[in-house]
Amino acid sequence: YEARSFYKDDKIHITNEIIHNPGVNGRLKDMGYNFVPVNGGVKDFSDVKEGDVVVLPAFGASLEEMQLLDSKGCRIVDTTCPWVSKVWNAVDTHRRKDMTSVIHGKWAHEESIATASMADTYIIIKDMEEAKYVTNYILNGGNKEEFMAKFKNACSSGFDPDRDLKKVGIANQTTMYKEETAAIAKLFERTMLKKFGPENVNVHFMALDTICDATQERQDAINDLIRDDSVDFYLIVGGWDSSNTGHLLEIVHMNGKVGYHIDMAHRIREDGSIEHRETDGTITVTKDFLPKGKVTVGVTSGASTPDRYLQESVERVLMLKALEKDGAIA
């Protein structure tokens, strides 16, 4: 917002959503921000000219993007989250130690793309299942063609699992599920200990804690809240593209609880239904989601969700309860 005010007469671009929150990004568009378009999965910087102002979002930008913007002579406003920068420093440490960066994240996520661009050699794994596949290959070998087909979009150019998995450092997309990242790191540590012996494990393995504080606090809070059996359901507010918000819903479901992930308050409808995102990304509508009578609701939000959005969502729930009391909804 300050950049738009400071460069009020200049053309100003942003390389991606500033954060995964539709209201915030909508406001930037209203302020005259030009979001760099994506064509066929590739960003089109043709409209960015010399002297234009370009904002780098919280997820950061890839090394190639930054080099391109520098060559165009753009003025850069860098809003990269410090926790993302911390991951980049970890990856740089891996590179200097000739280690392959094993990145726990989603290969198509802009933060993981930016992080991977800072590494010489990397592989991106999305979950424990893929981690077990990779560590089993380290210990026992396997079908190299099958391995490369599985990770064709998620590894560095020229990656060779027989060569590049002898020394590994763990990094992560900062919004991943903290406990899973820790478990994956432990799995790789045990694998390297078994493969190379305890006296050599520090040469072949490295892990640093790079989970974002705001993400970790919310995951800890929802884990504490889930112990309260009086909660009827959980309302999770945050962008549908927000990775850290999605993990909050996963925690709820992993514990056998009912949860609804909404991005905006208006998803809670006057007819008593709720439009929400499932853990697999599908959007669905649940009718009569609010139990009759006294209800206890667990409420949380993603790290990038403005407080106002959370407040408005709670107010919609209270409105439905008031309508129920007045007999306005059956």
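The legends below accompany several close-up views of a predicted model.

**View 1. The three domains of the chain, with the contact between domain 1 and domain 2.** The chain is divided into domain 1, covering residues 1-80, domain 2, covering residues 83-211, and domain 3, covering residues 214-325. Between the centres of domain 1 and domain 2, taken over C-alpha atoms, the separation is 30 Å. Where these two parts meet, eleven residues of domain 1 are in contact with nine residues of domain 2.

**View 2. The largest nonpolar core and the elements that contribute to it.** This core has 35 residues, and those with the most contacts inside it are Ile123, Ile125, Val134, Phe147, Phe188 and Phe205. Two or more residues each come from helices H4 (82-96), H5 (110-117), H6 (128-140) and H9 (178-196), and likewise from strands S7 (100-104), S8 (122-125) and S9 (168-172). Apart from this core lies another, of twelve residues, among them Phe233, Val237, Ile274 and Leu320. In soluble globular proteins, nonpolar side chains tend to be buried together.

View 3. Ile125 lies in strand S8 and is buried, its relative accessible area being 0%. Leaving aside residues up to four places away in sequence, Ile125 touches Val102, Ile103, His104, Gly105, Glu130, Ala131, Val134, Phe151, Ile184 and Phe188. One of these, Ile184, is 59 residues from Ile125 in sequence, while the C-alpha atoms of the two are 9.6 Å apart in space. Ile103, found in strand S7, is also buried, with a relative accessible area of 0%. Beyond its neighbours within four places in sequence, Ile103 is in contact with residues including Thr115, Tyr122, Ile123, Ile125 and Ala171. Phe147, with sequence neighbours within four places again set aside, is in contact with Ile123, Tyr133, Val134, Tyr137, Phe159, Pro161 and Leu165.

View 4. Ser313 lies in helix H13 and is buried, with a relative accessible area of 0%. Not counting residues up to four places away in sequence, Ser313 touches Leu235, Val237, Ile262, Met264, Ala265 and Ile268. Val314 is also placed in helix H13, which spans residues 307-326, but Val314 counts as partly exposed because its relative accessibility is 31%. Together with Val299 and Leu318, Val314 forms a nonpolar patch on the surface, and the accessible area of the three together is about 220 Å².

View 5. A search of the whole structure finds 17 salt bridges. Asp47 forms one of them with Lys11, and the closest N and O atoms of this pair are 3.0 Å apart. Asp47 lies in the loop between strands S4 (42-43) and S5 (53-56), whereas Lys11 lies in the loop between helix H1 (2-6) and strand S1 (12-14), so the pair ties together parts that are 36 residues apart in sequence. Asp47 is partly exposed, at 38% relative accessible area, and Lys11 is likewise partly exposed, at 36%. Asp92 forms a salt bridge with Arg95, with 2.4 Å between the closest N and O atoms; because they are three residues apart in helix H4, Asp92 and Arg95 are separated by about one helical turn. Arg267 pairs in a salt bridge with Asp263 at 2.7 Å between the closest N and O atoms, and here Arg267 is buried, with a relative accessible area of 15%, as is Asp263, with 6%. Asp263 and Arg267 are linked with Arg269 and Glu275 in a network of salt bridges.

How values were computed: Residues are numbered from 1 along each chain as its sequence is written. This is a predicted model: local features need pLDDT of at least 70, side-chain atom pairs count only at pLDDT 80 or more; totals for chains, interfaces and linings use all residues. Side-chain values use heavy atoms; hydrogens and water are left out. A nonpolar core is a set of buried Ala, Val, Leu, Ile, Met, Phe, Trp, Tyr and Cys residues joined through side-chain atoms within 4.5 Å. Buried means under 20% relative accessible area, exposed over 50%, partly exposed in between (1.4 Å probe, protein chains only). Helices (H or I, at least four residues) and strands (E, at least two) are DSSP runs, numbered from the N terminus. Contact means heavy atoms within 4.5 Å. Patches are made of residues with over 30% relative accessible area and no salt bridge: like charges are joined within 9 Å, nonpolar side chains (Val, Leu, Ile, Met, Phe, Trp, Tyr) within 5 Å. Accessible areas come from the Shrake-Rupley method with a 1.4 Å probe; for residues, only the protein chains shown count as cover. A salt bridge is a side-chain nitrogen of Lys or Arg within 4 Å of a carboxyl oxygen of Asp or Glu. Domain bounds come from an automatic or database domain assignment.
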